Protein chains: 2
Amino acid sequence: MPTPMERIVLAGRPQGSPTEADFRHEHTELRDPAEKEVAVETLYLSLDPYMRGRMDDAKSYAKPVDIGATMEGGTVGRVIATGSDRFAVGDLVVGQFGWATHGVLPANQVRKAATDYAPPSASLGVLGMPGFTGWYGLTELGRPKKGETLVVGAATGPVGQMVGQLGKALGMYVVGVAGGADKCRFAVEELGFDMCVDHRAQADTQAMRVALAEACPDGIDVYYENVGGKVLEAVMGLMNPFGRIPVCGMVAYYNLGGLGMGDAPGPNLLPRMWRTILVNKLNVHGFIIMDHWERYGDFLAEVGPMVKDGRIKYREDITEGLANAPAAFMAMLKGENFGKTVVQVAEDAA
Amino acid sequence: MPTPMERIVLAGRPQGSPTEADFRHEHTELRDPAEKEVAVETLYLSLDPYMRGRMDDAKSYAKPVDIGATMEGGTVGRVIATGSDRFAVGDLVVGQFGWATHGVLPANQVRKAATDYAPPSASLGVLGMPGFTGWYGLTELGRPKKGETLVVGAATGPVGQMVGQLGKALGMYVVGVAGGADKCRFAVEELGFDMCVDHRAQADTQAMRVALAEACPDGIDVYYENVGGKVLEAVMGLMNPFGRIPVCGMVAYYNLGGLGMGDAPGPNLLPRMWRTILVNKLNVHGFIIMDHWERYGDFLAEVGPMVKDGRIKYREDITEGLANAPAAFMAMLKGENFGKTVVQVAEDAA
C-alpha cells in the first residue's frame, strides 16, 4: 500500500521578499527505495537563509530549485524502508530530503544523525550544517587568537551561536550583533558573549558604527560575516590591520533585487570597501561549507562533547507542522526567529 | 662649505587630481650627517601611485606628508658623507630620501642598491619596491598554479611587468590589461603575456567584461589587483571558484574624493561584490609590502638572476630633472607613463 506524503513546492520565483504565493502545499505518494536508496519519514526540517538563493533563477554555487519542484532543505528523519545495507529501518539519519514529510535518497547522500551528543533536531543546527559552518569558518579561516576581538553577526542564529561560544572558549573578546533586546540578553547571559549590539536600536550605518566602536575599544580582528548590509558597512571601518573576514552568508542582501543580480541604490560603497581591504591588509575569504564535508568528522569529534556537557549551548526555534514552513521561513528572513529555525514535521514514534 | 640642494614640497592638499599648484620647488642646504646617519646625492627618484595617498590628510597605512614638507619617495643615490661605518662614501644606496637632490637618513633605513644584477635605477623598479610587491603578492598570496589563468592590471607598470612575467615563468596563462595599443603590444611581444586587453578601447564595464571573457576562455583564477574601478568590476564576474585576489593598489580610486573617503556615485556595487566573494569562494587579500621587507632577500636571490640574464625584462619611463617630477607624477596617475616612472635627478659622476 503506497505511503501518502506531503510536500511544499516552489510555485513561483519571488520578487524581493518571498510571499505565501511562492509556495504550494501538495499531497502525493512516496515511492519505494530502489537498490542503494533509503526511504525516510522526516521528523525535523531545517530552514536556512541559503534557501532564499535557491528560489532565484540566478547563477550561484548550487542550481536553483525548479518551479514545481520540492523546496530544498536538510532534514533529520527515521528510515522506514531501505535498499541499502548502510542503514537499517529505524535508523535516525540526516539528508537533503527537502520540505516534505517523506523522501527517498541514495544512501551515500545520507549520514547518521549525531544523536550520541544531542537530540535529533540538533543534527540540523548546532551539530549540523550551521554549527559546522561556524566552526570551520572561525577556526580555519578566522585564524583566531586569544585576546583578539571577534564580532559575530546574527549572534543568536545557529551559526552565530557556535562562532561566539567557540570564540569565548578560545579566549577571545566576543561581541555579537543581534536584532532586539531579548536576543542580545540571551547572547550575553546564556551564551556568554562579552557584549551584544542590538542592530534594531541603531538607526543607520553611522549609529551602528558608533555602537560597535564603543563595544570594541580595541578594534575588530575577526568579523564573522553572515549578514552583510549595515553591519558589514559599519564593521569595515573598525577592522584592525591584518583582520580576517570569513564570509559564509549575507542575509541582508538576499532579498535585494534577486540576490544581488540587480544593483542596489547608491552611493557606491565598493571603492571605500576596497580601500579598507588594502589599507588594513584584510583577508576576506568566501566559503561554502559543502566544499569541506571531509572535515565534518573533525568538527563532530571536537564540538560534540562540548555540546553534550553544556559547554556549548544552543537554542532552537521550533514550528509545528510542514504546512507552516513557508511562514516560518519568511519570518526567519526578517530575523523574527530566535535560535535555529526548525520545523517539526512529525512526532518521533520510535 | 654647505652643500646647496633642491627639493619639492607639498604646497597644498589636492582636490581630486593633483595640479602643479599642489607642489613647490625650494632651494635649501643639506645638513651634515650626524652619528649613524648618511648623506646622499640622489641619482634617481621613484614616482609611485601610493604617493597620491600621502598627499591626503586621511587615515591610511602611513601618515600623510605635512604641508610644507618634502614629498616622500624612494631614491637611489651615492653616499657623499657618512657618520656610519655601514656605508662608505661612494656607495650606491636606496632609501626614502624624498623628492630632493640630496638627503640625510639614519643608516639603518638605507640599503645597498642591487647593482650586482642591473643598473642603479632598477633598484627603484624591477628590483625595488614595485618588483618586490609583484613577486610577494603573486607567489605568497596568489598561490599560482601551472595552467591557471592570471589577469594583471596595469600590465606594463612596474608591478604588472613583474607579475605577468613571473606568471609566465610559472606556466600560467597570462592576460594583461593596459591603456593603449602600444602598451598592449609591448606586454605581448616583449614581456611574453599571452594576451592583453586595452582598457581604453572598452567603453564601459560591460565592454571590458566581454573583452576579458574572450581573452580568458577558462575564467580567471588569480587577479592581481592594483587598479580597481572598471577592471575590478569586470573581473569579478569572471572569477573562477576558489580564485585569489591579492590587493596591493587601486590607482583608479586614488583621485576619488580624497582616496575613497567620500563615496562614489551609485549604483552601490558592494552587495554584488560581496555576493561574488561568497558564491565563488574567493580569497581577497590586502597587503602592504612594507610589512614584508624581511622577505626582500629571498626576492632578490630569486629574481635578481632572472633580471640579469634577461628572463625578466623591464621598461622604465625616465624624466630628466627634479623640477619635472610633479608633471611626471601627474602624468603617471593618468596612465600616461609607459613602464616604471623614474626621475633622473643627477648624472652619476662616479
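A residue is called buried here if 20 or more other C-beta atoms lie within 10 Å of its own, exposed if 12 or fewer, and partly exposed in between, with C-beta atoms placed from the backbone. Keep that at hand for the tour.

What you have open is a predicted model, in which local features need pLDDT of at least 70 and side-chain atom pairs count only at pLDDT 80 or more, while totals for chains, interfaces and linings use all residues. Residues are numbered from 1 along each chain as its sequence is written, and chains are lettered from A and ligands numbered from 1 in the order in which they are written. The model scores ipTM 0.85 and pTM 0.88.

**First stop: a proline in chain B**

Select B:P158, which belongs to helix α3 (residues 158-169) of chain B; helices (H or I, at least four residues) and strands (E, at least two) are DSSP runs, numbered from the N terminus. B:P158 has 29 other C-beta atoms within 10 Å, so it is buried. Setting aside neighbours within four places in sequence, its contacts (C-beta atoms, placed from the backbone, within 7 Å) are B:G125, B:V126, B:P130, B:G131 and B:K340.

**Second stop: two helices in chain B**

Now show α5 (residues 205-215) and α6 (residues 229-236) of chain B, which pack at about 55° with their axes 8 Å apart. The axes are lines fitted to C-alpha atoms over the stretch in contact, and angles run from 0 to 180 degrees between N-to-C directions. α5(B) and α6(B) are therefore oblique to each other (under 35 degrees is roughly parallel, over 145 roughly antiparallel, 65 to 115 roughly perpendicular, the rest oblique). To see the contact, pick B:T205, B:M208, B:R209 and B:L212 on α5(B), then B:K230, B:V231, B:E233, B:A234 and B:V235 on α6(B).

Move to A:R143, in the loop between α2 (129-141) and β8 (149-152) of chain A. Its phi is near 40°, a positive value in a residue other than glycine, and A:R143 is partly exposed, with 15 other C-beta atoms within 10 Å. Next select A:F242 in strand β12 (residues 239-247) of chain A. Phi of A:F242 is near 65°, again positive in a residue other than glycine, and 14 C-beta neighbours inside 10 Å make A:F242 partly exposed.

**Last stop: confidence in chain A**

Chain A averages 92, and 94% of the residues score at least 70. Over residues 256-261 of chain A the pLDDT is below 50, and this stretch has 15 contacts in the model beyond near neighbours in sequence.

Notes
Contact = placed C-beta atoms within 7 Å. pLDDT = per-residue confidence, 0-100.
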